[in-house]
Amino acid sequence: KIDGCAFSTYYLNKKDGHLYFLIKPDVFENSPYFVVLISSFVETDSLLSIVSSYYGYIVLGSVLIAVLIALFISRAFSTPIKTIEKEITKLADSDYSTSSHEFRNRELISLQDTINEVKIDTDEKVQSIESQRESLEKLNQELLKESELRSSFIARLSHELKTPLMVISATTEALASGLIPNEDKEKEYENILNEIDKTTGIIKDII
């Protein structure tokens, strides 16, 4: 008996899983009309049996989906990090060429721009240092050449001055000791004066 109905009955057809209701509402109590309702019906035991039989597959599928999602997320994070790591390694190896990668994360894009700026700035500084080093090497070569010229000049000057001074010294000692005859003394004095003039000329040339 269903509330509001003068008559009701049902029939379950287990073959097709449908539940049939035959109802005669109170409003049709004195009439020959009935209302037929048809509804799909699934037994709880049968549903639980189906779920239990596929439980292992459901769990396995869930695990596989979770693993795939984890791998996707891991790759999405690790790939940009590895790319940035390679760029930093290139910078450490004195490779200052800039690069461009299509990152989707704003922080990674900003980091890439910063690395490129560091590369450009470092490259300019390295080139400046190389230019200064070359200039210093040229200056050092010039200083070495000048030092060699100075040493050569001093050696030649010393030789040029020693020769007349030795002649003057030896002649003067010979005159003082009386080793030179009187008739040759005038000639020796002239030799001394000539050597003095020669030495004076060398000193003037130096000045």
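Modeller: Happy to. One term first: a nonpolar core is a set of buried Ala, Val, Leu, Ile, Met, Phe, Trp, Tyr and Cys residues joined through side-chain atoms within 4.5 Å. Keep in mind that what you're looking at is a predicted model.

With that term in hand, here's the core to look for. The largest nonpolar core is made of five residues, namely I168, A174, L175, I180 and I192. Helix α3 is the biggest giver here, supplying three residues to this core.

Now for a quick bit of orientation. The protein has four helices and three strands, and if you start at the N terminus the order is β-β-β-α-α-α-α. Buried residues account for 15% of the 207 residues. If you take contacts between residues at least 6 apart in sequence, 26% of them join residues at least 24 apart.

Back to your two helices. Two packed helices are described by the angle between their axes and the distance between the axes. Here the pair is α3, residues 106-177, and α4, residues 182-206; their axes are 10 Å apart and the packing angle is about 160°. An angle over 145 degrees counts as roughly antiparallel, so α3 is roughly antiparallel to α4. Their crossing is left-handed.

Who actually touches whom? On the α3 side, the contact is made by F153, L157, E160, L161, P164, V167, I168, T171, T172 and L175. On the α4 side you'll find K185, E188, Y189, I192, E195, I196, T199, I202 and I206. Sorted by class, that gives twelve nonpolar, three polar and four charged residues in the contact.

Let's zoom in on a few positions, leaving aside neighbours within four places in sequence each time. I168, one of the core residues, is in contact with I192, E195 and I196. T171 also lies in α3, and its partners are I180, E188 and I192. Is T171 buried or exposed? T171 is buried, because its relative accessible area is 10%, and buried means under 20%.

N116 is buried, with a relative accessible area of 13%. Again leaving aside its neighbours within four places in sequence, N116 is in contact with T98 and S99.

I192 belongs to the largest nonpolar core, is part of the α4 side of the helix contact, and turns up among the partners of I168 and of T171.

Key
Residues are numbered from 1 along each chain as its sequence is written. This is a predicted model: local features need pLDDT of at least 70, side-chain atom pairs count only at pLDDT 80 or more; totals for chains, interfaces and linings use all residues. Side-chain values use heavy atoms; hydrogens and water are left out. Axes are lines fitted to C-alpha atoms, for helices over the stretch in contact, and angles run from 0 to 180 degrees between N-to-C directions. Helices (H or I, at least four residues) and strands (E, at least two) are DSSP runs, numbered from the N terminus. Angles under 35 degrees count as roughly parallel, over 145 as roughly antiparallel, 65 to 115 as roughly perpendicular and the rest as oblique. A crossing is left-handed if the near helix is turned anticlockwise from the far one by less than a right angle, and right-handed if clockwise. Contact means heavy atoms within 4.5 Å. Ala, Val, Leu, Ile, Met, Phe, Trp, Tyr, Cys and Pro count as nonpolar, Asp, Glu, Lys and Arg as charged, and the others, Gly among them, as polar. Buried means under 20% relative accessible area, exposed over 50%, partly exposed in between (1.4 Å probe, protein chains only).
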